[in-house]
Amino acid sequence: MWIDTHCHLDATEFDADRDMVVASAHAAGVGHIVIPAVAAWNFERVRHLAHQYAGCVYALGIHPMLAPQATDADLGTLRREIEASLDDPLFIGVGEIGLDYFVPGLDAERQMTVYVAQLRLAREFDLPVLLHVRKSQDQVAAQLRKLGVHAGIAHAFNGSPEQAYRFIAQGLKLGFGGNMTFSRANRIRRLATELPLDALVLETDAPDIAPAWLADDQFGEQGKVRNVPGEVAGIARELANLRGMSLADLSRHMQNSSLEALPRLRAAFCDPSGARDE
């Protein structure tokens, strides 16, 4: 059983066939899908989808690419929505939050203000975070240390080994997905092979970051192809091959890592008697 720890199931790319996408993921062995919010206007949407589809859970947060437009009122809405969701077993954390220093023109100061405010909420409510760390690993990790946040996932990790171990030392896991499947992605594949296995989790970031077998070529033209949560099963096979281990062993490790990263996932991950899904 696989867990997609990061999937934007609410994206418009899925509007025409969302039921089939989720059914196909389940058929591929994907038992759980984590749906992060990106702004106040889609908080209710991700919550609704998590309750609509078996195995889905959700997080609430403001994405750094939308942070420059986020108001203090939006942060107030986030606080209220978190408080209102604490008794919801399908609510698992704060995200997607972080910093993006790759896209030109984004207001870095406002990004940081919104990121720090959300980290404070995560600490206050003892929740893990789903982190966007594109070209910003050092700055994201520094604020985690400063504010004492010790659980969550650095999503779509693409940093150095030194940066990886900073997140690991802080108690976070690293998300690996479609980028790892490209033969030319030497650094990511080396990290996936050499980092401690219990520091890794699997993800798709669907509809983005399509794996190599969906992309147009081996140079990573993923943006032209829709990714889907069922592809986490293929990403798992790639990781198992890279590490020379069986899929059964990898599944057990990834389940444990995901539960450590997102403790509230355990409520969705267990049946009423407390027996774990297999």
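This is a predicted model: local features need pLDDT of at least 70, side-chain atom pairs count only at pLDDT 80 or more; totals for chains, interfaces and linings use all residues.
Numbering starts from 1 along each chain as its sequence is written, and side-chain values use heavy atoms, with hydrogens and water left out.

So, the fold. The protein chain has 10 helices and eight strands, meaning DSSP runs numbered from the N terminus, H or I of at least four residues for helices and E of at least two for strands. Along the principal axes, the C-alpha trace spans about 45 × 40 × 35 Å.

Now the inside. Of the 278 residues, 55% count as buried, and buried here is under 20% relative accessible area, exposed is over 50%, and partly exposed is in between, with a 1.4 Å probe and protein chains only. Which residue touches Leu 131, Leu 144 and Phe 157, among others? That's Phe 167, and its contacts, leaving aside neighbours within four places in sequence, also include Val 133, Gln 137 and Leu 174. Contact means heavy atoms within 4.5 Å.

Last stop, Met 112, which sits in helix H4, residues 108–124. Buried or partly exposed? Met 112 is partly exposed, at a relative accessible area of 22%. Gly 98 is 14 residues from Met 112 along the chain, and their C-alpha atoms are 8.0 Å apart.
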